[in-house]
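Thanks for coming. I will show one structure and go through a few parts of it in turn.

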Amino acid sequence: MIRHSVKTSESWSKLPWKQFRKNLFRLQKRVYKAVQVGDRRRARSLQKLILKSTSARLLAIRQVSQLNAGKKTAGVDGKASLNLEERFALEETLKTNAINWHHNKLREIPIPKKDGKTRILKVPTMADRAWQCLAKYALEPAHEATFHARSYGFRTGRSAHDAQKILFSNLNSKANGITKRVIELDIEKCFDKISHNTIMDNLIAPAGMKRGIFRCLKAGTNPEFPEQGTPQGGVVSPLLANIALNGIEAIHPSVRYADDMVIILKPNENAKEILGKISQFLAEKGMNVSERKTKITATTDGFDFLGWHFKVQSNGKFRCVPSMDNFKAFRQKVKAIVNNSNYGSKVKAEKLAPLVRGWRNYHRYCKMDGSRFSLWHINHRAFKVFNKEAKNDQKSSESLIRKAFPAVPYSENKHVNVKGAKSPYDGNITYWSERNSKLYEGETSRALRRQNHSCGHCGLKMLSEEKVHLHHVDGNHNNWKPKNLLAVHESCHDYIHMSKSES
């Protein structure tokens, strides 16, 4: 029994989060296995248990109010955060109304696109986000048991690097990639045009949750298309898009990441015939292929996908490097920090480090040598600025540059893909914890091995798609002694620092 009488930061942070995660995961595994063996009636009963679970409700509230990237974005009610009393009150609201949830309207935020157009981000209220997160906890394991193996976007245990490796496996010299072509498929306004009927017909959920999802869809509809669209900005929206698009991968060998897709063609295969089948599949779900953006490209001409540029060279060797658009966007962010006169070199270095490390980590399975992608020119420019600000103190400038541009090892095409259609919900703890550990290098990898592939904060195995962070126990980021380093879940890391700031 959880006592809510003393609503303080300590009472919230001291809740048994580790046990909550165990409780939820136990139910999710059972949902996954029920769908796997074809027992959907049992799966729906288990999903009801998740909706009724105190553990799931509190985890959902913590996720949307404290851990998600958009946690500080307000909905139509203007609330961008929840205090302790509001979190506990929301848990009671979810307990009473989860099975018959009514959605508020959505706050619309225009986001500029690189083609000059805008897309509308539709932000739910904090309460609606918590319900969507709770619904996702119940829906995701059910649909993970049905999703195609070559679908990688917004799925637990899978990443863009898996999609990258599939292309390497199909286009390298052993696969005779030099003779192949690809269809760069673009689905026109995918999130805006998905048929509500398609989602509802394919949804594995009890009746009460289905009603809530239907209301969620209706809350974000465009008046011009009242039966179409899933709101971009909702917690559950990417999952609903995956549910609607599931099966498109089976039409022809391909790789899909959410609504981005590359179809691989052998020399004698008919591109028009394949596109015709794709178009028919999409038309049945309210969508269509964008004729303007969809292209048939020779692998020797190269193509962009997920921020990378893929190309088969004239000697048959496969190459993958950061795409030009990706590199330019990254360079602009670095320049904005380096040239900012509002703060000094030390702050600039602190701001640059996570940006550079994140970019290098994303591209760590690319070919990253050469002056452009090794960031020599950007590094040199930053050094000149830092040196000027430090009044020609070269030693100090070099130290800050090393901090601002942390080295990340790269190993071209060395990523190891997920086996087949495996899912973290299959209960194979050994496979998933060891796999997650192998995705990291250096101190993080060594810390994971010391901790037997478990989180240093909550003690649970590193099973999910959650990133692993390296936590400095004493708060000193210059202290790299093994005893001072803990490998923790990204959410646990956030929560460690959050708890300290609230106490």
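What is the volume of the largest cavity? The largest cavity comes to about 40 Å³. Please keep in mind throughout that this is a predicted model. One cavity of 30 Å³ or more is present in the structure.

The lining of the largest cavity is made up of Q164, K165, F168, F318, C320, Y365, N413 and H415. Two elements, α7 (160–171) and β9 (318–322), each give two or more residues to that lining. The biggest contributor is α7, with three residues. By type, the lining residues are four nonpolar, three polar and one charged. As for the method, rolling a probe the size of a water molecule over the atoms shows where empty space is left.

Strand β9 also belongs to a sheet, and I turn to that now. It is an open sheet of three strands, in the order β7-β8-β9, with antiparallel pairing. At the edges are β7 (303–305) and β9, and each of them pairs on one side only. From one strand to the next, the twist averages 30 degrees. Between β8 (residues 308–312) and β9 there are five bridges, and the two strands run antiparallel. If you want a point to look at, find H309, which stands opposite V321 in β9. In general, strands of a sheet pair through backbone hydrogen bonds, either parallel or antiparallel.

There is another sheet to show. Here four strands form an open sheet, ordered β4-β5-β3-β6, and the pairing is again antiparallel. Its edge strands are β4 and β6 (295–298), each pairing on one side only. The twist in this sheet averages 20 degrees from one strand to the next.

Is strand β4, at residues 254–257, covered or uncovered on its faces? Both faces are covered: S254 and R256 on one side are buried, and so are V255 and Y257 on the other. Four bridges hold β4 in antiparallel pairing with strand β5 (residues 260–265). Among the residues involved, Y257 has D260 in β5 as its bridge partner. The hairpin of β4 and β5 has two residues between the strands, and A258 there takes a positive phi near 60 degrees.

Strand β3 (residues 181–186) pairs with β6 in the antiparallel sense, over four bridges. In that pairing, E184 stands opposite K295 in β6.

Next, a helix. Helix α2 covers residues 17–36, which is 20 residues, and at 1.5 Å a residue it should span 28 Å. Which residues of α2 are buried? They are W17, F20, R21, L24, F25, L27, Q28, V31, Y32, A34 and V35. As background, an α-helix has 3.6 residues a turn, so residues three or four places apart point the same way. Just past the end of α2, G38 takes a positive phi of about 85 degrees.

A149 sits in the loop between α6 (126–144) and α7. From A149 to K391 is 242 residues in sequence and 56 Å in space, C-alpha to C-alpha.

That is the end of my part.

Notes. Residues numbered from 1 in each chain as written. Predicted model: local features only at pLDDT ≥ 70, side-chain atom pairs only at ≥ 80, totals over all residues. Heavy atoms only, no water. 1 Å grid on protein atoms, 1.4 Å probe; cavity = no way out; pocket = protein on both sides within 12 Å on 5 of 7 lines; lining within 4 Å. Points joined across faces, edges and corners; volume = space filled by probe spheres on them. Nonpolar A, V, L, I, M, F, W, Y, C, P; charged D, E, K, R; others polar. Expected span 1.5 Å × (residues − 1). Buried < 20%, exposed > 50% of the residue type's maximum accessible area, 1.4 Å probe, protein only. Pairing = 2+ DSSP bridges. Axes fitted to C-alpha atoms, helices over the stretch in contact; angles between N-to-C directions.
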